[in-house]
Amino acid sequence: MPYLPTPQAYLEQSALLLQAYPDAVRAIHESDESGCKPTSTKYLMIIPRITTKYTFPASKPKTQKATTQPQPESQTTAPPTEEKPRIATLTLKTFHAGSGICLKYRTNKGAEVGRLITSLGKLAAGADVEALGLGGAGAVPAGAGAGDAEMVDAPPSLIPAGAGEGGNEGPGKGGKGKKKGGKGRR
Amino acid sequence: MPAAHAHLNHEEFFTSLTTLLSTTSQKARGSVYLTQKPLIDPQQQDQQIPAILIRATDGNTSAANPKNTIDKKGISKNKNTNKVKLSTVVNPDELEAFYARYAEVCKAGMTGLKKRDRKKKNAKGKAGGKVPKL
């Protein structure tokens, strides 16, 4: 399962995914055996869904160690106090059941939460890559640091093409194909 | 417990979500799942921007654990299944205000994540500067 390196990359790809599949509902007409008389219509919901998971790592069985090593007289065994505060992780996942496309981003930085949720709101409102304001805003990716090099490549190829209405689907598919490669079709 | 699928209004949703996040953070275990997806009525496909369905859950299940929940009488027991499941619907015109608040609640509630560390960041910056020299 692929994780995208930066929040910008994740949000961009998610925006493209949401744009690429606006046909959220697919009607399935069920016919009787002869095939000429539709008996019922089912609606298959194939909407991209975004899940944000805030989770703590599973606890390790430290108590077992304590019991297997009998040190009755020494008081040095104080694992509860030595325990580091467990750091939670935040995993964002955009999943499109229709195509099986799954985009993920994982972070443990508390500073990114507000920005990410706000961006998810923009995605929910149907924002495209440009409206997310990721390409131009230099201040936004400052916290991400590591992924800057890649971001330089991504926006120029995606934004100009996405500007035209007719070209919307093309760059969406192209962009995804380039980035995903082996993701969609495992 | 209220009906499982009743949508809360925003006020109730945020109150419950704050509680859910803070209890999870305090315990430092468990998860909170937040999902969002367009709420589309198959009968009315005309609407341009659909309402958004927001869900929050702690990931527990209310289904019986098949391994240990059936007693001698064959009645399944659900002792430790207090699943938390919240949902609310956001209309398109409320999206901006909702998400502003949503972001605040999440920021305030997800205290288990790493805090911003100025010192560390500076050290990294210096290290990054040294690398090209070498």
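Okay, let's start with chain B: it has 134 residues, and 20% of them are buried. Buried here has a cut-off: 20 or more other C-beta atoms lie within 10 Å of the residue's own, while exposed is 12 or fewer and partly exposed is in between, with C-beta atoms placed from the backbone. For chain A, 24% of the 186 residues count as buried.

Before going on, a word on what we're looking at. This is a predicted model, where local features need pLDDT of at least 70, side-chain atom pairs count only at pLDDT 80 or more, and totals for chains, interfaces and linings use all residues. Residues are numbered from 1 along each chain as its sequence is written, and chains are lettered from A and ligands numbered from 1 in the order in which they are written.

Chain B has a mean pLDDT of 79, with 66% of its residues at 70 or more. For the model, ipTM is 0.74 and pTM is 0.66. And a reminder: where pLDDT is low, the predicted coordinates should not be read in detail.

Now the parts list. Helices (H or I, at least four residues) and strands (E, at least two) are DSSP runs, numbered from the N terminus. Chain B comes to three helices and three strands, and from the N terminus on they go α-β-β-β-α-α. Chain A has six helices and five strands, in the pattern α-β-β-β-α-α-β-β-α-α-α.

So what do the strands build? Six of them form an open sheet, in the order β5(A)-β4(A)-β3(A)-β1(B)-β2(B)-β3(B), with antiparallel pairing. At the edges stand β5 (101-107) of chain A and β3 (85-90) of chain B; each has a single partner strand, so one side of each is left without a neighbour in the sheet. On average, neighbouring strands of this sheet are turned by 15° against each other, direction ignored. When I say strands pair, I mean that DSSP finds at least two bridges between them.

Let's zoom in on the place where the chains join. Strand β3 of chain A, residues 49-55, is linked to β1(B) by six bridges, and the two run antiparallel.

How many residues of each chain are in contact across the interface? It's 29 residues of chain B with 30 residues of chain A, where contact means C-beta atoms, placed from the backbone, within 7 Å.

Now a helix, α4 of chain A, residues 113-124. Its 12 residues reach 16 Å from first C-alpha to last, close to the 16 Å expected at 1.5 Å a residue; the expected span is 1.5 Å times one less than the number of residues. Buried residues in α4(A) include A:Val113, A:Leu116, A:Ile117 and A:Leu120. Their cover includes α1 (7-20), β3 and β4 (89-96) of chain A, together with β1, β2 (51-57) and α2 of chain B. After α4(A) comes A:Gly126, with a positive phi near 85°.

Last stop, chain B again. B:Ala28 has a positive phi of about 55° although it is not a glycine. You'll find B:Ala28 in the loop between α1 (10-27) and β1 of chain B, and it is partly exposed, because 16 other C-beta atoms lie within 10 Å.

How values were computed
Contact = placed C-beta atoms within 7 Å. pLDDT = per-residue confidence, 0-100. Axes fitted to C-alpha atoms, helices over the stretch in contact; angles between N-to-C directions.
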